[in-house]
Amino acid sequence: MSEKRMSSSKKHSLKGLMLQVAKELLEAEEIEKKEERKRYMEEHCPTLSNPSSKQELQELCKELHAKIEAVDEERYILEHKAIMVVNEVKDLNIKIVDLKGKFKKPPLKKVRMSADAMLQALLGSKHKVSMDLRANLKQVKKEVKEEAADVGDWRKNVEDKAGMDGRKKMFEGEA
């Protein structure tokens, strides 16, 4: 498995031969294109005959105008098809980029936002959703150990202390 390296002179001579062959191929291709163009012109464009009378000249002009019209129509159709293909290629490229996920995400800034503001931004202003979960809770204070000895109807005890009236009674009771 020993790799034999070529000498630089051999490399240069091979490179020169490759360039020479490529040049000959390009020249042959150019000559072929010229011949093909010449054949096409002979086939599609007959030699122009100079009309001798005014009537023949008018007929020639009418024929040329009809050919120009046909060619223009064909050119318009081909341009339209080419534009449609280009647009389709652009759309497919966009789909490819979307599928690959290669589009760059912009750096996001940290924004201080309440949960209510986030929900409103996500759901829109039509939906009224509140994330203030504490608003639905009742406040319960721990009973003092002295009152633990007083065992009565626990429902009455909770109802008495619920809301602002209960707080007021508790405050007055301490005083």
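Reader: How many residues apart do Arg 75 and Asp 72 lie in helix H2?

Author: Arg 75 and Asp 72 are three residues apart, about one turn of the helix, and both belong to H2. The model is a predicted one, in which local features need pLDDT of at least 70 and side-chain atom pairs count only at pLDDT 80 or more, while totals for chains, interfaces and linings use all residues. Residues are numbered from 1 along each chain as its sequence is written, and side-chain values use heavy atoms, with hydrogens and water left out.

Reader: What is the secondary structure of the chain?

Author: Helices (H or I, at least four residues) and strands (E, at least two) are read as DSSP runs and numbered from the N terminus. Here the chain has six helices and zero strands, so that from the N terminus on its elements run α-α-α-α-α-α.

Reader: In which helix is confidence lowest, and in which is it highest?

Author: The predictor's confidence in each residue is its pLDDT, on a scale from 0 to 100. Where this value is low, the predicted coordinates should not be read in detail. Confidence is lowest in helix H4 (residues 145–148), with a mean of 54, and highest in H1, with a mean of 93. For the chain, the mean pLDDT is 80, and 71% of the residues reach 70 or more.

Reader: How many salt bridges does the structure hold?

Author: A salt bridge is counted when a side-chain nitrogen of Lys or Arg comes within 4 Å of a carboxyl oxygen of Asp or Glu. The structure holds three of them. Arg 75 takes part in one with Asp 72, at 3.7 Å from N to O, and in another with Glu 79, at 3.1 Å from N to O. Arg 75 and Glu 79 both lie in helix H2, four residues apart, about one turn of the helix, and Asp 72, Arg 75 and Glu 79 are linked in a network of salt bridges. The side chains of Arg 39 and Glu 32 also meet in a salt bridge, at 3.9 Å from N to O.

Reader: How many disulfides does the structure hold?

Author: A disulfide is a pair of cysteine sulfur atoms within 2.5 Å, and the structure holds zero. Cys 45 is partly exposed, with a relative accessible area of 42%, and Cys 61 is partly exposed at 35%.

Reader: What volume does the largest pocket have, and which residues are closest to its centre?

Author: Rolling a probe the size of a water molecule over the atoms shows where empty space is left. On a 1 Å grid over the protein atoms alone, a pocket is an open set of points where a 1.4 Å probe fits, with protein on both sides within 12 Å along at least five of seven lines, and lining residues have an atom within 4 Å of a point. The volume is the space filled by probe spheres set on the points, and for the largest pocket it is about 450 Å³. Of the 16 residues that line this pocket, the closest to its centre are His 44, Cys 45, Pro 46, Leu 64 and Lys 67. Helix H1 (8–44) and helix H2 (54–100) are the elements that give two or more residues to the lining, and the largest share, eight residues, comes from H2.

Notes
Buried < 20%, exposed > 50% of the residue type's maximum accessible area, 1.4 Å probe, protein only.
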